[in-house]
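Me: I am new to this structure and would like to go through it by question and answer. Please take me through it step by step.

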Amino acid sequence: MWIKICGLSTEEAVKEAVRDGATHVGFVFAKSKRQVTPEYAKYLAKFVPKTIKKVGLFVNEDPATITEIVEKVGLDMVQLHGQENSEFADNLPVPVIKAFGITDGKIPDEIADFKNHILLLDAPPAQFAGGSGASFDWDKVDLAALDGYRFFVAGGLTPDNVATAITIFQPNGVDVSSGVETDGKKDLVKIEKFISNSLKA
Ligand SMILES: O=C(O)c1ccccc1NCC(=O)[C@H](O)[C@H](O)COP(=O)(O)O
C-alpha cells in the first residue's frame with residue numbers, strides 16, 4: 001500500500017512521515033497556503049531517504065518550470081492538479097500522478113489517456129484545485145471503471161476513515177493533506193495515526 005502525506009512544509013512533519021512509514025511525501029509548488037519554494041523543498045528533501053518518493057504538486061504549470069524544479073529539488077514524481085492532458089504528462093521527465101475530481105461518482109472517461117500514469121481520485125476542484133479536505137461520494141463510484149489502473153484515493157481522508165476507503169476501493173495508495181492537520185498545520189499525531197491505520201487496514 002502506498003501512503004502519501006501531502007502538503008508537507010516543515011522539517012518535523014517530513015521526519016514524522018518518514019519515521020512512520022510513508023511511501024510518498026508531497027510538496028506543493030502551486031499557489032496555496034501550503035506552497036513551498038524550490039529552495040526550501042530542496043532542504044526538506046534532505047530528510048527523505050531515497051526509498052521514499054518525493055512528489056511535486058503543480059497546477060497548469062509551464063513544463064520547463066516543472067522540469068527545472070524536478071531537477072533542483074530531486075523530485076521523483078510530479079502530481080498534476082490542473083487541466084493538463086496526457087501528452088503534457090507523457091513529456092515530463094519523471095512519472096506522473098494525475099488528479100481527477102470525481103463528481104456524482106463518475107470516473108471521467110479521460111482516465112483512459114492516462115493508463116500509463118497513476119491516477120489520484122479526489123474531490124472536484126471548487127475554491128481550491130486540491131487539498132480542500134472535501135470528499136467525493138464513495139458509494140456512487142463504479143469501481144469496475146478503475147480495473148487495470150493504478151490509483152490513489154484522496155480527498156477528505158482522515159485517520160478515522162482511511163481504513164473504510166481502503167476496504168471500498170482496494171487502491172494502490174491513499175493520500176492525505178487536510179486530514180492530518182490541526183488548525184491548518186500538519187499534526188504529528190494525526191500523521192502517525194493515518195499511517196498506522198492505513199497499514200492495519
Ligand atoms: O494542498 C494544496 O494546497 C494544493 C494546492 C493545489 C493543488 C493541489 C493541492 N493539494 C492536493 C493534495 O494535497 C492532495 O493530494 C489531495 O487533494 C487531497 O487533499 P485533502 O483532501 O486535503 O486530503
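Me: Which residue of S7 does Ile118 stand opposite?
Reply: The model is a predicted one, and in it S6 and strand S7, which covers residues 150-153, pair in the parallel sense over 4 bridges. Within this pairing, the residue of S7 that stands opposite Ile118 is Arg150.

Me: Why is strand S6 largely enclosed by the rest of the structure?
Reply: A residue counts as buried if 20 or more other C-beta atoms lie within 10 Å of its own. Strand S6 spans residues 118-122, and it is largely enclosed because the number of its 5 residues that are buried is 4.

Me: What is the bridge partner of Ala99 in S6?
Reply: Strand S5, made of residues 96-101, runs parallel to S6 and is joined to it by 5 bridges. Leu120 is also listed among the residues with the most contacts inside the largest nonpolar core, which has 56 residues. In S6, the partner of Ala99 is this residue, Leu120.

Me: How many strands does the closed barrel have?
Reply: The barrel runs S1-S2-S3-S4-S5-S6-S7-S8 with parallel pairing. Neighbouring strands of this sheet are turned against each other by 25 degrees on average, direction ignored. Counted along that order, the strands of the closed barrel number 8.

Me: How many residues of the shell around the ligand are charged?
Reply: Of the 25 residues around the ligand, those that come nearest are Ser32, Gly130, Gly131, Ser177 and Ser178. The shell includes 10 nonpolar and 12 polar residues, while the charged ones number 3.

Note on methods
Residues are numbered from 1 along each chain as its sequence is written. This is a predicted model: local features need pLDDT of at least 70, side-chain atom pairs count only at pLDDT 80 or more; totals for chains, interfaces and linings use all residues. A nonpolar core is a set of buried Ala, Val, Leu, Ile, Met, Phe, Trp, Tyr and Cys residues joined through C-beta atoms within 7 Å. A residue is buried if 20 or more other C-beta atoms lie within 10 Å of its own, exposed if 12 or fewer, and partly exposed in between; C-beta atoms are placed from the backbone. A residue is near a molecule or strand if its C-beta atom, placed from the backbone, lies within 6 Å of it. Ala, Val, Leu, Ile, Met, Phe, Trp, Tyr, Cys and Pro count as nonpolar, Asp, Glu, Lys and Arg as charged, and the others, Gly among them, as polar. Two strands pair if DSSP finds at least two bridges between them. Helices (H or I, at least four residues) and strands (E, at least two) are DSSP runs, numbered from the N terminus. Axes are lines fitted to C-alpha atoms, for helices over the stretch in contact, and angles run from 0 to 180 degrees between N-to-C directions.
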